[in-house]
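Welcome to this guided tour! Keep your viewer open and get ready to select residues as we go.

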Amino acid sequence: MVSTSLNSHPFSSPRIGIIGAGKVGSTLAQRIIEKNLADVVLLDIVEGMPQAIALDLTQARAVEGHDRQILGTNNYADLAGCDLVVITAGKPRTPGMNRNDLIETNATIVTRAVREAIAYCPNAMWIAVTNPLDVMTYCVWKTSQLPTQRVMGMAGVLDSARFQTFIALELGCSVSDVSALVLGSHGDTMVPLPRFSTVRGIPITELMDNETIERLVNRTRHGGAEVVKLMKTGGAYYAPASSVYLMIEAIVRDRSRYLPVTSYLQGEYGLNDIYLGVPCRLGAQGVESILELELTIAEREALHQSTESVRQGLEIVEKIMQIGF
């Protein structure tokens with residue numbers, strides 16, 4: 001029986017599917033069960049790997065003090081009953097690689113995974129984490145044919161968290177006192193908004209000079225690449241896992257959080273038929289509303305420019321999705 005618990009509140013026993021048991025997927029699974037949020041189905045095509053991770057995390061239950069269930073599997077049928085599915089599967093970046101270099105490979109992986117999964121959990125919501133994220137979120141939506149508010153991507157939370165962290169480090173203050181906002185695509189053309197980023201309500205434009213702010217903006221835009229360069233064999237996974245967990249929690253607990261989410265735009269910000277990071281109200285119904293900020297001309301132009309690489313990627317995705325697997 002397919003669960004429909006996302007249409008009601010409170011949630012009785014939520015079940016989260018994670019496709020891809022790599023660093024992001026496995027770390028996310030650990031976050032979910034150890035915070036006692038939901039049961040987890042961890043799926044991967046590599047035989048034995050998700051089963052081993054699930055067993056390892058299960059053996060830690062006595063120490064961590066929870067009774068959440070985690071199932072490791074290679075079988076898409078085990079996703080039956082999942083209320084929400086997160087897709088992290090795909091090829092990671094390596095040093096010198098742009099996120100868009102992954103489009104063809106990862107669009108094929110994502111399309112196949114969604115087609116397999118949707119038969120077993122047709123009512124689930126979806127969160128895309130695979131890069132290039134804006135393009136892959138669109139790919140999930142087109143393949144699943146679900147309502148747009150039930151398909152979203154994790155990027156704005158991560159990008160804003162990076163900006164928030166860099167601001168706190170620069171000022172030597174608690175990160176809890178900082179609020180930051182980043183819009184646009186999850187890439188080098190993302191749009192950090194200093195005017196909407198504050199420390200206890202004080203805009204950072206009052207606390208830093210323009211040169212410092214621009215340095216932090218640039219570090220935020222290349223925050224993922226900075227990790228990739230140091231890692232050499234992969235990318236970030238702790239911060240991405242924490243970011244997608246925040247989104248899942250907002251949905252499962254119906255918290256009505258205002259978060260920057262990769263969402264489908266139908267006229268908002270003057271953009272149509274595209275998934276892009278914008279502030280949204282996130283709750284039990286998914287993306288329940290999109291908040292359209294009053295941007296300056298420069299901010300609006302930057303947001304529109306950030307769509308250019310996404311549009312190019314969508315042309316590739318459309319061709320891939322037309323191929324029968």
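Is lysine 142 buried, partly exposed or exposed? Select lysine 142 and find out: with a relative accessible area of 34%, lysine 142 is partly exposed. Before we move on, please remember that this is a predicted model.

**Stop 1: salt bridges**

Glutamate 318 is partly exposed, with a relative accessible area of 25%.

How many salt bridges does the structure hold? There are nine. Side chains of opposite charge can pair when their charged atoms come close.

Next, select arginine 215 and glutamate 170, whose side chains form a salt bridge of 3.1 Å, N to O.

Now try arginine 68 and aspartate 39, a salt bridge whose closest N and O atoms are 3.5 Å apart. Arginine 68 lies in the loop between helix H3 (61-64) and strand S3 (70-73), while aspartate 39 belongs to strand S2 (residues 39-43). Arginine 68 counts as buried at 15% relative accessibility, and aspartate 39 is buried at 17%.

To finish this stop, select Glu249, Arg253 and Arg255, which are linked in a network of salt bridges.

**Stop 2: two cysteines**

Select cysteine 82 and cysteine 121. A disulfide is a covalent bond between the sulfur atoms of two cysteines. Cysteine 82 is buried at 1% relative accessibility, and cysteine 121 is buried at 0%.

**Stop 3: the largest pocket**

Select Thr88, Ala89, Gly90, Lys91 and Pro92. These residues lie nearest the centre of the largest pocket, which is lined by 43 residues. The space in this pocket is about 870 Å³. Now colour helices H1 (23-34), H4 (103-118), H6 (156-171) and H8 (223-231), each of which supplies at least two residues of the lining. Which of them gives the largest share? That is H4, with five residues.

**Stop 4: backbone details**

Select asparagine 131 and proline 132. The peptide bond from asparagine 131 to proline 132 is cis, with omega near -5°. Proline 132 is in the loop between strand S5 (125-128) and helix H5 (133-144).

Move on to tyrosine 269, which has a positive phi of about 60° although it is not a glycine. Look for tyrosine 269 in the loop between strand S12 (257-266) and strand S13 (272-283); this tyrosine is buried, at 0% relative accessibility. Then select aspartate 273 in strand S13. Aspartate 273 also is not a glycine and has a positive phi, near 55°, and it is partly exposed at 33%.

**Last stop: a surface patch**

Finally, select Ile45, Val46 and Met49, which make a nonpolar surface patch of about 280 Å². Methionine 49 is found in helix H2 (residues 49-59).

Conventions. Residues are numbered from 1 along each chain as its sequence is written. This is a predicted model: local features need pLDDT of at least 70, side-chain atom pairs count only at pLDDT 80 or more; totals for chains, interfaces and linings use all residues. Side-chain values use heavy atoms; hydrogens and water are left out. Patches are made of residues with over 30% relative accessible area and no salt bridge: like charges are joined within 9 Å, nonpolar side chains (Val, Leu, Ile, Met, Phe, Trp, Tyr) within 5 Å. Accessible areas come from the Shrake-Rupley method with a 1.4 Å probe; for residues, only the protein chains shown count as cover. A salt bridge is a side-chain nitrogen of Lys or Arg within 4 Å of a carboxyl oxygen of Asp or Glu. Helices (H or I, at least four residues) and strands (E, at least two) are DSSP runs, numbered from the N terminus. Buried means under 20% relative accessible area, exposed over 50%, partly exposed in between (1.4 Å probe, protein chains only). On a 1 Å grid over the protein atoms alone, a cavity is a set of points where a 1.4 Å probe fits but cannot get out, and a pocket is an open set with protein on both sides within 12 Å along at least five of seven lines; lining residues have an atom within 4 Å of a point. Grid points are joined across faces, edges and corners, and a volume is the space filled by probe spheres set on the points.
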